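Opened the notebook for a quick look through a new model. Jotting things down as I go.

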Amino acid sequence: MIDNINYINNGDNNKIDKIIEVNNLVKKFKNITAVNDISFNVFKNEIFGFLGPNGAGKTTTINIICTLLPPTSGTVRLNNYDVNKDKYKIRNSIGLVFQDPTLDDRLTAMENLNFHALLYDVPFKEIKKRIDEVLEMVDLLKRKKDLVRNFSGGMKRRLEIARGLIHYPKVLFLDEPTIGLDPQTRNRIWEYIIKLKREKDITIFLTTHYMEESEICDRIAIIDEGKIAALNTPENLKKIAGSDIITIISEDNSRLINYLKENFSIATEIHKENEVRFEVKDSSKFIPSFIRHCPVKILSINARKSTLNDVFLNLTGKEIRDENASSKEMMRIHARARMRR
Amino acid sequence: MRKELLGVYTIWLRDIKKFFRDRPRIIGSIAQPALFLFVLGSGLASSFQLFGGGGGQQFLAFMFPGIISMTVLFTAFFSAMSIVWDREFGFLKEVLVSPISRTSIVVGKNLGGSTVAMIQGLIILAFAPIVKININIISILKLVPATFLAAMAVSSFGIALAAKLKSMQAFQVLTNFILMPMFFLSGALFPLTNAPQWLKFLARINPLSYSVDMLRTIIIGKNITQLHPLNIDILVTLGITAVMSAIGIILFNLQD
Ligand SMILES: Nc1ncnc2c1ncn2[C@@H]1O[C@H](COP(=O)(O)OP(=O)(O)OP(=O)(O)O)[C@@H](O)[C@H]1O
Ligand SMILES: [Mg+2]
């Protein structure tokens with residue numbers, strides 16, 4: 001395993017403006033330590049991502065930064081306000097799209113936005129204009145006067161993002177903005193987020209457990225069991241994981257493992273579905289010499305560039321989306337669908 | 001301050017909008033009291049006749065303010081409980097993360113629920129001629145603040161409870177074991193004047209009995225079933241509203 005230190009790179013703290021500063025944050029619920037002594041900064045105008053499996057502590061951290069939960073210990077500042085002292089100033093400067101839906105589905109899209117705009121004291125004269133502006137951004141302008149209960153899941157999610165923007169927050173938090181949506185809708189939501197960053201003076205803090213999605217971030221923190229395992233740009237994280245991933249299925253995997261060990265000093269073991277998986281620096285050089293003397297019959301061989309998934313696997317020793325996690329998530333989505341009836 | 005008032009207004013407005021949008025609810029709010037008044041009320045009144053009591057018409061006149069009280073009290077209580085609903089469906093989080101103080105949220109919710117309850121209570125006045133009760137403009141002018149006050153008392157009580165409730169099931173339990181007994185002992189459906197001492201005692205410590213008594217005295221004037229002088233009813237109801245609102249505000253602020 002690669003030394004974790006290599007992964008931590010907070011950037012040059014003095015050069016760039018920090019908008020969120022988290023130092024030694026700990027959050028305990030009775031006997032669970034949900035967040036276990038984490039420290040990181042988020043810089044102005046970046047997209048910062050939290051990537052981690054179910055129960056890693058992502059939502060808990062967001063709730064603390066957004067003043068919805070008190071920290072057990074540590075300091076958290078947003079826009080230079082302390083979460084314990086200046087709650088209302090922080091609430092004023094953030095937009096938050098919660099992991100679970102929080103729309104009033106008995107109101108129309110416009111009424112939901114109007115409610116929000118009034119609570120955040122958007123000037124009366126501006127409200128109409130801004131409602132149209134944010135609805136336009138998420139392609140819902142035509143549905144302005146429709147009841148939210150008649151919206152699809154993806155439309156609701158987009159409306160929530162629009163709502164989070166209507167008071168022009170300094171930081172927009174998106175807790176799993178694409179959870180439970182089909183790939184097409186997911187792509188569209190990511191397009192909005194990228195557009196947002198391009199067009200507005202805004203910092204985006206998002207969480208996800210989809211690897212591909214976290215690659216749109218400027219920087220990613222990989223979080224697992226309440227700890228930050230790595231923090232860097234997606235490119236650097238992949239670079240450090242480096243190398244190519246080779247997956248082989250052979251007639252005799254244990255002999256194959258021996259062969260790899262003796263001839264190439266590669267220590268590996270059998271992964272799921274009877275594959276043998278390992279990393280090499282350069283697969284195009286490795287494969288020819290490997291094939292030449294290989295003592296077992298190869299059924300399949302596959303080489304690919306490493307992804308963040310591999311980084312995650314490397315750091316935490318587990319897949320970010322194992323079977324358990326995804327079935328748990330499905331249950332959550334179903335439970336939510338039932339609630340929304 | 002302006003911001004907080006705006007917040008109160010926003011929260012209030014949502015309840016009002018949702019009320020006027022909800023046709024089944026409006027129809028129900030007329031149909032249910034009508035059912036109580038004409039089916040239960042007339043049935044009971046005629047059964048008194050059967051047992052030789054007479055006074056059937058007087059009983060209907062007695063029951064009419066009781067039905068208005070019932071509507072006001074239940075509407076106010078359920079409106080307050082919509083906080084639990086909002087918590088379960090997530091909308092409460094949207095409100096709690098906004099830069100509006102917890103106090104304004106509680107006040108806005110209370111005013112919203114009370115306004116709706118007042119409107120529903122006043123709608124029922126339309127049945128007055130059918131039970132042969134004279135309602136003049138003066139009594140309507142008195143009833144507007146009176147129903148609102150009665151609603152505020154229950155609503156603030158409901159909000160204080162809702163601060164602690166995490167599920168709709170808990171709410172069902174509360175309705176059955178707290179609200180219903182309080183309602184039965186409020187004098188809304190049967191007079192407590194002749195009741196045994198222990199029942200009278202329970203009625204006296206039951207906050208709802210003061211609101212019911214207040215509304216009844218305003219609607220049918222001085223009557224044999226009256227429990228307290230009107231000003232006592234008003235003072236006690238005001239007192240309950242103040243104490244319960246304070247508790248609700250404190251509980252919500254503590255959770256912040
Ligand atoms: N209010 C709470 N009371 C007790 N435990 C809690 C509470 N909120 C969160 N936890 C626990 O804290 C841990 C972290 O939860 P959190 O919701 O932050 O995870 P997450 O990274 O957002 O996961 P997911 O991807 O499933 O949303 C979990 O073990 C969870 O059970
Ligand atoms: Mg979460």
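My entries on the model follow below.

**Ground rules.** I'm working with a predicted model, where local features need pLDDT of at least 70, side-chain atom pairs count only at pLDDT 80 or more, and totals for chains, interfaces and linings use all residues. Residues are numbered from 1 along each chain as its sequence is written, chains are lettered from A and ligands numbered from 1 in the order in which they are written, and side-chain values use heavy atoms, with hydrogens and water left out.

**Chain A, overall.** Of the 341 residues in chain A, 52% are buried (buried is under 20% relative accessible area, exposed over 50%, partly exposed in between, with a 1.4 Å probe and protein chains only). The accessible surface of chain A is about 16100 Å², and carbon and sulfur atoms hold 48% of that (Shrake-Rupley method, 1.4 Å probe; for residues, only the protein chains shown count as cover). I also checked contacts (heavy atoms within 4.5 Å): of those in chain A with a separation of 6 or more, 71% are between residues 24 or more positions apart.

**The magnesium ion.** Which residues coordinate ligand 2? I find A:T59 through OG1 and A:Q99 through OE1, at 1.8 to 2.1 Å. Donors here are N, O and S atoms within 2.8 Å of the metal (3.2 Å for Na, K and Ca), and water is not among the atoms, so the site may look incomplete. A:T59 sits in helix α1 (residues 58-65) and A:Q99 in the loop between β6 (94-97) and α3 (109-119) of chain A, so the pair ties together parts 40 residues apart in sequence. A:T59 is partly exposed at 26% relative accessible area, while A:Q99 is buried at 10%.

**Cores.** The largest nonpolar core has 97 residues, and A:I20, A:F40, A:I65, A:F173, A:F205 and B:F64 touch the most other members. A core here is a set of buried Ala, Val, Leu, Ile, Met, Phe, Trp, Tyr and Cys residues joined through side-chain atoms within 4.5 Å. Helix α3 (residues 56-89) of chain B gives the most to this core, 18 residues. I then listed contacts of A:F173 beyond four places in sequence; among them are A:I20, A:I62, A:I65, A:L78 and A:F205. A second, separate core of 47 residues includes A:L165, A:L174, A:M211 and A:L315.

β9 (residues 219-224) of chain A runs antiparallel to β10(A), joined by 5 bridges; strands pair if DSSP finds at least two bridges between them. A:A221 stands opposite A:L231. The hairpin has 2 residues between its strands, and A:E225 in the turn has a positive phi of about 50 degrees. In β10 (residues 227-232), 5 of the 6 residues are buried.

**Positive phi elsewhere.** A:D37 is not a glycine, yet has phi of about 60 degrees. A:D37 lies in strand β2 (residues 32-43) of chain A and is partly exposed at 38%. For A:S265, phi is near 45 degrees; A:S265 is in the loop between α9 (253-264) and β12 (276-280) of chain A and is exposed at 65%.

**Last entry, chain B.** B:Q169 is in helix α7 (residues 168-184) and counts as exposed at 56% relative accessibility.

Terms used:
Helices (H or I, at least four residues) and strands (E, at least two) are DSSP runs, numbered from the N terminus.
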